[in-house]
Amino acid sequence: MEGKDASTVLKTEDSGLFWADQIADGIIHRERYSYLDKPYKLPKKPSIKTSSSLSGVLHIGRLTDIIRGEAVYRALKDKGIPAEFIYVAEDMDPLRKIPKGVPDSYREYIGVPVTDIPDPWGCHKTYADHHITEFFDIFADFVEEEPKRFSMREEYRKGNFDWAVEIVLKNSEKVREIINSFKDINPTPPGWVPYQAVCEKCGKIMTTVVDKYENGKVHYTCKDYDFKVETAKGCGHEGWVKPFGKNGKMAWKSEWAAQWKRWDVVGEGAGKEYIVPNSAFFVNAHISEKVFDYPATTPIFYEHITIGGGGKMSASVGNVVFPRQWLEIAPAEALRLLFLKRINKTRDFKWEDTPQLMDELDSMERIYYGVEKAKDEKEEAHLKRLYEMILTEKPPREYVERMPYSTAAMVSQIALGSEKRAEGIISRLGYEMNARNREILPLAGKWASEHGEKLEIQKTIPKSAETFTPKQKEALSKIASLLDKGLDRHALAKEIFAVAKGFDMKPPEVFTAIYRVLLDAESGPKSGIFLLSLDKDFVQKRFRLEG
Ligand SMILES: [Zn+2]
Ligand SMILES: [Zn+2]
């Protein structure tokens, strides 16, 4: 077993270089094949491949492969390599179960390639077209450059994989040996043919059992095939068919390798479940070199996104986040940050964390423009590169200040949906209503109403104010007078601390009084910006406990 493969690939985060640059460097400076004693030469037009199957729910996790693959592609291009970025729809995959919203009558299509099934919603030619269109519409918003698209069904139909099928069938025994060298139990039996035919009679692909390859044809019988939930019913048909063109496909442990050779793939994303040494990735890596004489591609292993403390996103649990939902609450860059910052650490998403994520993005931006300093030079270089990679467009020439997301969430709640009121508050806080702040305001507002803490400014003095100590009352009254000085948000915050000190109080005692008297709560937004956001006369009256 090739246990060393995975560990060498994942040691990327110590050198300080951005991980995609490290992978790109590894690809460019590679010298040898991985399993053959042969020199390696970078193809003239190397490509980074990304792909997806077309079944299942299109949640934000499905963008992982694309966003991470694109980062390596961009890193290669930045190093002067004329790389290509390609997307391959794995649309020879059969329908495995009936998704929600698809009529029960579709049970007859279980086992049929998704490209050969009519669109249940009637708006596209096929089931596959429906999903691929939706997928592309969505992911265009999350990448800088859209990949060149390919469909496996079309590739086979055009005969673009005939050469590979021929090689694989001639080398069935070698392929079988490689596969079995990774297996401790249930070895693939002699005579196995790494090809799946499409049944000429019923059009299903999972139901055909191929048992012979003779005189340029494969022999198959169409039998029932059990998926986990559903069974693909075989029609019993038996026949000989030429294994080319539209008639079928290679077994996955051969086809993946053939794709690398077909498109000169030098890197491809794969979830962390492929890191184990006997995964389909490494089986194909061996097949690629030993059967196709094509150097095993460099894997871009990554962790999947989890939600709400480590859970898997799942339609049946109902915790799925859709890309459109994301864009209603945060810009695409924030999701790119989540996916790009660390490639091989678990990342968990909670809606409540959105402000921190946005703060991280803002801070990285300030470091990029030199407005803020990073811990040291190494980190600064790393963060600047990461920031560049997160953007899907060229960064603006100059730094444009964006109010923090949490501030925007507060403003939008206090403004109660009025843009004019919001503009007034923003200017009191010392921010400009520029395009960026205009963009963030409704997003943060929606976040606040759905996932944030509600701010309810109390119309009258809350009962809890009756417990204030004399010192707390005096401090509030002092702050009320301070508001006449026209201080900005920084100075006001400082002064509030000074007031606490002046009365020999701990700052939390003052803050508690502020939040109680205004919100009837123990905590709230940062006091400086909070007080400036509200009507001055109202705050002064309230702080003097006059109403
Ligand atoms: Zn459709
Ligand atoms: Zn059949």
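A: What follows is a set of questions and answers about this predicted model.

Q: OK, how many helices and strands does the chain have?
A: The chain contains 21 helices and 14 strands.

Q: And what does the C-alpha trace span along its principal axes?
A: About 100 × 55 × 40 Å.

Q: Which domains is the chain divided into?
A: There are domain 1 (4-302), domain 2 (306-390), domain 3 (405-451) and domain 4 (463-543). The centres of domain 1 and domain 3, taken over C-alpha atoms, are separated by 46 Å.

Q: What share of the residues count as buried?
A: Of 547 residues in the chain, 39% count as buried.

Q: Let's do strands. Is β2 largely enclosed or open?
A: Strand β2 (residues 84-89) is largely enclosed by the rest of the structure, because six of its six residues are buried.

Q: Which residues sit on each side of β2?
A: Glu84, Ile86 and Val88 are on one side, and Phe85, Tyr87 and Ala89 are on the other. Both faces of β2 are covered.

Q: Which way does β2 pair with β1, and over how many bridges?
A: β1 and β2 pair in the parallel sense over six bridges. One bridge pairs Ser47 with Glu84 in β2.

Q: What about β2 and β3?
A: β2 and strand β3 (residues 148-151) run parallel and are joined by four bridges. Ala89 stands opposite Ser151 in β3. Together with helix α4 (residues 127-139), β2 and β3 make a right-handed β-α-β unit.

Q: Back to β1. What does β11 do with it?
A: Strand β1 (residues 47-52) pairs with β11 in the parallel sense, over three bridges. The bridge partner of Lys49 in β11 is Glu268.

Q: How many bridges link β11 and β12?
A: Five, and β11 pairs with strand β12 (residues 298-302) in the parallel sense. Gly271 stands opposite Tyr302 in β12. β11, helix α9 (residues 280-290) and β12 also make a right-handed β-α-β unit.

Q: How many residues of β11 are buried?
A: Five of the seven residues of β11 (residues 265-271) are buried, so the strand is largely enclosed by the rest of the structure.

Q: Switching to helices. How far does α3 reach?
A: Helix α3 (residues 64-78) has 15 residues and reaches 21 Å from its first C-alpha to its last, close to the 21 Å expected. After α3 comes Gly80, with a positive phi near 85 degrees.

Q: Is α3 mostly covered or uncovered?
A: Mostly covered, with 13 of its 15 residues buried.

Q: How many residues are in the largest nonpolar core?
A: That core has 132 residues, and Ala20, Ile67, Val72, Leu340, Leu386, Ala408 and Ala444 have the most contacts inside it. α3 gives the most to this core, with seven residues.

Q: Why would a core like that turn up?
A: In soluble globular proteins, nonpolar side chains tend to be buried together.

Q: What is Leu386 in contact with?
A: Leaving aside neighbours within four places in sequence, Leu386 is in contact with Phe18, Leu340, Lys341 and Met364.

Q: Which residues of α2 are buried?
A: In helix α2 (residues 19-28) the buried residues are Trp19, Ala20, Asp21, Ile23, Ala24 and Ile27. Their cover includes α3, β11, β12 and α13 (377-390).

Q: And how many residues of α14 are buried?
A: Nine of the ten residues of helix α14 (residues 405-414) are buried, so α14 is largely enclosed by the rest of the structure. Among the buried residues are Tyr405, Ala408 and Met410.

Q: What covers them?
A: The cover includes α12 (354-368), α15 (419-428), α16 (435-451) and α20 (527-533). Just after α14, Leu416 takes a positive phi of about 50 degrees.

Q: Last one. Where is Leu519?
A: Leu519 lies in helix α19 (residues 507-519).

Q: Why does Leu519 count as partly exposed?
A: Leu519 has 19 other C-beta atoms within 10 Å, so it is partly exposed; a residue is buried if 20 or more lie within 10 Å.

Q: What does Leu519 touch?
A: Not counting residues up to four places away in sequence, Leu519 touches Leu455, Glu456, Ile457, Gln458 and Gly524. Leu519 and Ile457 are 62 residues apart along the chain, but their C-alpha atoms are separated by 5.0 Å.

Notes: Residues are numbered from 1 along each chain as its sequence is written. Chains are lettered from A and ligands numbered from 1 in the order in which they are written. This is a predicted model: local features need pLDDT of at least 70, side-chain atom pairs count only at pLDDT 80 or more; totals for chains, interfaces and linings use all residues. A residue is buried if 20 or more other C-beta atoms lie within 10 Å of its own, exposed if 12 or fewer, and partly exposed in between; C-beta atoms are placed from the backbone. Helices (H or I, at least four residues) and strands (E, at least two) are DSSP runs, numbered from the N terminus. Two strands pair if DSSP finds at least two bridges between them. A crossover is right-handed if, with the strands pointing away from the viewer, the path from the first strand over the helix to the second runs clockwise. The expected span of a helix is 1.5 Å times one less than its number of residues. A nonpolar core is a set of buried Ala, Val, Leu, Ile, Met, Phe, Trp, Tyr and Cys residues joined through C-beta atoms within 7 Å. Two residues are in contact if their C-beta atoms, placed from the backbone, lie within 7 Å. Domain bounds come from an automatic or database domain assignment.
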